[in-house]
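Open the model in your viewer and keep the selection panel at hand.

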Amino acid sequence: GFVGSYEDGFSPALSSSLNSTGMAFIGPYPSSAALISMAGNRNVIRVRASYGDEMNALVNYAASGLDLTMFSMFYSNDSFGQQGVESLRLALQAVNLRLLSGGSFSPTIADGLASLVGGAKPFVPQVVVVWTNGTTAAAFIRAAQALLPSE
């Protein structure tokens, strides 16, 4: 059997083989697409929330708990990023909000993040969802902080 996976393309590809081999897949790191492809598969044992579940919790907490309604997103322009954007859009739509701005980048090019941040429209969101790996997220946050006015 298999235990866990962090690659979005891996889970759906493996799903079709599980029934024929009888192997178990425990703890997939499921995206929305992965969950759909694995629906009803008794050999898949989920132990964590889907991206949609995570975004719903985030949006509900921000909008209902903190009264924050202006959302922006920074994400990679690959399948992982697209799943994040779609999950956020659906979560916002469920509470009658929409994604007001966003920026994407190529996950293979870490350079140029400062220009992406600097080229953003003059909009100050209340919530910025950073949907990428830790290294790229840190670089984006440093570039964005440099644009904030000093207190």
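Predicted model: local features only at pLDDT ≥ 70, side-chain atom pairs only at ≥ 80, totals over all residues.

Residues are numbered from 1 along each chain as its sequence is written, and side-chain values use heavy atoms, leaving out hydrogens and water.

Select the three strands that form an open sheet in the order 5-4-6. Their pairing is parallel. Strand 5 (99-105) and strand 6 are the edges, each pairing on one side only. Neighbouring strands are turned by 15° against each other on average, direction ignored. Strands here are DSSP runs of E with at least two residues, helices are runs of H or I with at least four, and both are numbered from the N terminus. Two strands pair if DSSP finds at least two bridges between them; strand 4 and strand 5 have six. Zoom in on serine 72: serine 101 in strand 5 stands opposite.

**The helices on the sheet.** Show helix 4 next. Helix 4 lies across strand 4, strand 5 and strand 6, at about 160° to strand 4. Angles run from 0 to 180 degrees between N-to-C directions, with axes fitted to C-alpha atoms, for helices over the stretch in contact. Contact means heavy atoms within 4.5 Å. Helix 6 also packs on the sheet, touching strand 4, strand 5 and strand 6. Its direction makes about 145° with that of strand 6.

**Down helix 6.** Select residues 134-147. Which residues of helix 6 are buried? They are Thr136, Ala137, Phe140 and Ala143. Turned away from the buried side are the exposed Gly134, Thr135, Arg142, Gln145 and Ala146. Buried means under 20% relative accessible area, exposed over 50%, partly exposed in between (1.4 Å probe, protein chains only).

**The core.** Now pick Met55, Phe71, Met73, Leu88, Val129 and Trp131, which have the most contacts inside the largest nonpolar core, a set of 15 residues. Such a core joins buried Ala, Val, Leu, Ile, Met, Phe, Trp, Tyr and Cys residues through side-chain atoms within 4.5 Å. Among the elements giving two or more residues to this core are helix 3 (51-65) and helix 4 (79-94).

**Last stop.** Threonine 132 sits in the loop between strand 6 and helix 6. Threonine 132 is buried, at 18% relative accessible area. Beyond four places in sequence, its contacts are Phe74, Phe80, Phe105 and Ala137.

Definitions and conventions
Expected span 1.5 Å × (residues − 1).
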